[in-house]
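Morning. Please have the sequence and the model up.

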Amino acid sequence: QVQLVESGGGLVQAGGSLRLSCTAATSDFLISVAEWYRQAPGKQREMVATVTIKSSPNYADSVKGRFTISIDSARKTVYLQMDNLKPEDAAVYYCYANVWTPSTGSAYCWGQGTQVTVSS
């Protein structure tokens, strides 16, 4: 199975911004569907944003107007731009995407997660 690799997490003050990235750990691939989830301590994993190459993004109500999900034109990287971050946005963020490769075909894959911490 293809491994997704996230980056861009870190510590930011409330009101600040971060941009998360997610790409596959292989050379020949294409992404067609992408989703970001997050999980805070003691809470269930929740969907944050979804997008496909053919449809407009969808967002959880809690992040609408602050987060933007996108797939780059080469279909190699998924981004989550997070603006006006709040302490309640702190969580481990996971990328979940449909990745096609010549050897494995299309399959959904998870990333390992990246920590986002927001100080008040």
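Leu-85 touches Val-12, Ala-14, Gly-15, Gly-16, Ser-17, Leu-18, Arg-66, Phe-67 and Val-118, leaving out residues up to four places away in sequence; contact here means heavy atoms within 4.5 Å. This is a predicted model, where local features need pLDDT of at least 70 and side-chain atom pairs count only at pLDDT 80 or more, while totals for chains, interfaces and linings use all residues. Residues are numbered from 1 along each chain as its sequence is written, and side-chain values use heavy atoms, with hydrogens and water left out.

Leu-85 sits in the loop between β8 and β9; strands are DSSP runs (E, at least two residues), numbered from the N terminus. Is Leu-85 buried or exposed? It counts as buried, because its relative accessibility is 1%, and buried means under 20% relative accessible area with a 1.4 Å probe, protein chains only. Its C-alpha atom is 6.9 Å from that of Val-118, 33 residues apart along the chain.

Val-118 takes us to β11, residues 114–119.

What does β11 pair with? Strand β2 (residues 10–13) runs parallel to β11, joined by four bridges; pairing requires that DSSP finds at least two bridges between two strands. Leu-11 has Thr-117 as its bridge partner in β11. Strand β9 (residues 91–101) is antiparallel to β11, with three bridges, and there Tyr-93 is partnered by Thr-114.

Next, the open sheet. It has four strands in the order β1-β3-β8-β7, with antiparallel pairing. At its edges are β1 (4–7) and β7 (67–71), each pairing on one side only. Between β7 and β8 (residues 77–82) there are five bridges, antiparallel, and Ser-70 stands opposite Tyr-79 in β8.

Last, the core. The largest nonpolar core has 33 residues, and those with the most contacts inside it are Trp-36, Leu-80, Met-82, Tyr-93 and Val-99. Such a core is a set of buried Ala, Val, Leu, Ile, Met, Phe, Trp, Tyr and Cys residues joined through side-chain atoms within 4.5 Å. The largest share, five residues, comes from β9. Apart from neighbours within four places in sequence, Met-82 is in contact with residues including Leu-18, Phe-67, Tyr-93 and Val-116.

Definitions and conventions:
Buried < 20%, exposed > 50% of the residue type's maximum accessible area, 1.4 Å probe, protein only.
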